[in-house]
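Dear colleague,

I am passing on the structure below, and I would be glad if you could look it over alongside my notes.

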Amino acid sequence: MSRLEFLSKQRGLKSHISPNGTACYLTSDMFYVEVQLEKDGKVIDVKLAHPGEAPVVCDDLVQLLRMKNYDAFGKILEGLLNLYQIPGNSDMKAKVYLALQSLEKDLYSMSLLYRTQDVNRVTEVLHGKAGHLVQRTGGTPMNIEYYLSPYQVLEEELNPGSQVCGTKVFVTVGSSNTTHKLPISPLIVDSQAGDGNPAFLPLTDELSMDLSACFFLMFHQPFPMSSSSIQEIQKLTGISIDGLKLASLHALIVQFTFNDEYKEDLAMNNSCFFVSLPDCLKHSYFINKGTEKSGITGALVSKIPFTHPKCVPAIIEILRHQVAYNTLIGSCLSENTINEDCSELLYFEVSPQKGTSFSISFQHPMGESLACVVVDVLSSRQIRCSLHTNPQDVTLNCCNDFISRVMERCMSVPLVMRAIFKNAVTMKVDGEIQNMEVISEQNPEVTCKQTTSSNSTGANISGASMQNSCDGMEASSSTASIECAICDISV
């Protein structure tokens, strides 16, 4: 009871204890939370009531209090209070909450329109127009999960029901310096438009209201977005995203990847990361942040404002595109920024290109010049890669389509680079074996021991990699066996 009273005072709420001491009420002008306890202090139930609604049981709040996680419980109280931090009287704040309810109903209806009987959660997350939607329960806002990495998909496949947490945004409402016309009643009609998108009722005076508020898709932590993605969203919603500080997108991805565990100044200044892979030399990745003219700029975005439910599917697709790009750059990062043994390293430089493209430069495995793979992230589901080498160097037996399919399946730059280098080693050994055979034909006195040793080496390396030919590579239909092309490991 003492902790609950302290939490209520800390958040600006009022608290009341029932005469028999088994219930505590945390109240504001717009909602109240009822905590029911036994005489020994054990939490029985927690109920929440909003304007015009009957109290509902909140299992999430019950669990937090039973675990004595008062910090998390306090954050949920803050979230509830933020729903009503709107200029105006109680009636105006109630209208804002009504607008949030209308938005949630439309988003839920939208998710049902795109859902089929046999669709699973992973498919909804990766391909659903509205992502995988979880409705608001108690103090937990509605959230939309919209991306899973191949590793997360694999974990979900291997452990059904584990509910691996992918990338998500939370749906909420908040105050705005500008007045917006928000719907106060659901807008989706039963029929669908000819293009397969839901049909919406017009925003009439009966269905909408001018409010000093706005809907938001909020991130758990500020999310790196390119300037082009931000502009695309602002054009879509007609609302500017305030408080943005532009910087190198690659530097922001480094900062985001390590979060609080990595000091911001170190993340911004350090550009070299060492990645270890099985059966391969260590990789050293230099993250080129680009110059002001050539580099891709971006900003850390905390929330995306919008006013109409029809904006959400398009925003989700833009976010998927961005997180795919961020995932590829993030795959080159590691907490190992200092390497004691630099004698055997493969060096790579990752540089920003135009739009959502970047390049990976490296020393040709069998030549004297630099080689380069240009990666163009067309969408979260389509990546186009092109390999460029000096015409004077040996041609690497990796076609662009092959490299693209590897990148799409594993979403990892180091694994793709490992595949290219292992393929080069196989080519080199096969070439040496052919040379030995030619020499043997010309000089029969070449010892059988030499030939046997070479053939053994070639067999071992060839067995450790997959087929060299792009035409011989067929992707496995099972998600649980995501084969990283000519890598001999499953991720």
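Predicted model: local features only at pLDDT ≥ 70, side-chain atom pairs only at ≥ 80, totals over all residues.

Residues are numbered from 1 along each chain as its sequence is written, and side-chain values use heavy atoms, with hydrogens and water left out.

The chain has 13 helices and 19 strands, taken as DSSP runs (helices H or I of at least four residues, strands E of at least two) and numbered from the N terminus. Of its 491 residues, 46% are buried, meaning under 20% relative accessible area with a 1.4 Å probe and protein chains only.

Helix α7 (residues 227–237) packs with helix α10 (residues 311–330) at an angle of about 180 degrees, the axes being 10 Å apart; axes are lines fitted to C-alpha atoms over the stretch in contact, and angles run from 0 to 180 degrees between N-to-C directions. The two helices α7 and α10 are therefore roughly antiparallel (an angle over 145 degrees). Their contact (heavy atoms within 4.5 Å) involves Ser229, Glu232, Ile233, Leu236 and Thr237 of α7 and Cys311, Ala314, Ile315, Ile318 and Gln322 of α10.

Strand β15 (residues 297–306) pairs in the antiparallel sense with β11 (residues 208–226) over 8 bridges, and with β12 (residues 247–248) over 2 bridges, where pairing requires that DSSP finds at least two bridges. Within β15, Lys303 is the bridge partner of Met218, and Thr297 that of Ser248.

Methods
Parallel < 35°, antiparallel > 145°, perpendicular 65-115°, else oblique. Buried < 20%, exposed > 50% of the residue type's maximum accessible area, 1.4 Å probe, protein only.
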